[in-house]
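Student: I would like to learn how to read this model step by step. Could we begin with the terms and then go through its parts?

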Amino acid sequence: MPLYDGNNWEVRIATTQAGLLDATIIPYVKNWSEDRNPGIKQVAKGMGKGRGKEVHETLIEVTGSLEKTYCDTGLAVESPFGSANSPFGEIASMEDVAWWLEFKNKISSKKIQFGGVHGKYHHDHAEDDFGIETWDWAAESRTVV
């Protein structure tokens, strides 16, 4: 699973793919990662000692993680459940919303978009209240734009 430096990427979140164009950049992203499991399994074929194997394709799994420094700055995201200006922790905790995530490389302008994103949010509180926010997520689709 590759780990990308947050300083080289602009990260946006929205409820629709079209909404990514106007979405606020998520501030203070430290790093993010993605993993694509092609869902390939080897299954025994035939009977006896000399049996071979067949390759079976199953569902492709797209997962990832986003880590950022805690910040209560509001993000302008239209949400069916929250206000139009909510902090990242509130947005990431909404379970019934299938989010769109976009990662845009600041150098090459390459965009990677993930659709149907759901995740688990965790905020590690520190004594100075500058803890780390982590969002482990799974997506239904992955597109390179």
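Tutor: Rings of Phe, Tyr and Trp (its six-membered ring) form an aromatic pair if their centres lie within 6.5 Å, and planes under 30 degrees apart count as stacked, over 60 as edge-to-face and the rest as tilted. This is a predicted model, in which local features need pLDDT of at least 70, side-chain atom pairs count only at pLDDT 80 or more, and totals for chains, interfaces and linings use all residues. Residues are numbered from 1 along each chain as its sequence is written, and side-chain values use heavy atoms, with hydrogens and water left out.

Student: How many aromatic pairs does a search of the whole structure find?

Tutor: The search covers the whole structure. Its count of aromatic pairs is nine.

Student: Of what kind is the aromatic pair that F88 and W135 form?

Tutor: The ring centres of F88 and W135 are 5.9 Å apart, and the angle between their planes is 85°. The pair links distant parts of the chain, 47 residues apart, with F88 in helix α1 (residues 88-92) and W135 in strand β11 (residues 132-139); helices (H or I, at least four residues) and strands (E, at least two) are DSSP runs, numbered from the N terminus. By its geometry, the pair of F88 and W135 is edge-to-face.

Student: Does F88 count as buried or exposed?

Tutor: Buried means under 20% relative accessible area, exposed over 50%, and partly exposed in between (1.4 Å probe, protein chains only). W135 has 0% relative accessibility, so W135 counts as buried. Because F88 has 2% relative accessibility, F88 counts as buried.

Student: Which residue in β6 does N31 stand opposite?

Tutor: N31 lies in strand β3 (residues 29-37), and β3 pairs with strand β6 (residues 61-69) in the antiparallel sense over eight bridges, where two strands pair if DSSP finds at least two bridges between them. Leaving aside neighbours within four places in sequence, N31 is in contact (heavy atoms within 4.5 Å) with residues including L66 and E67. The residue in β6 that stands opposite N31 is E67.
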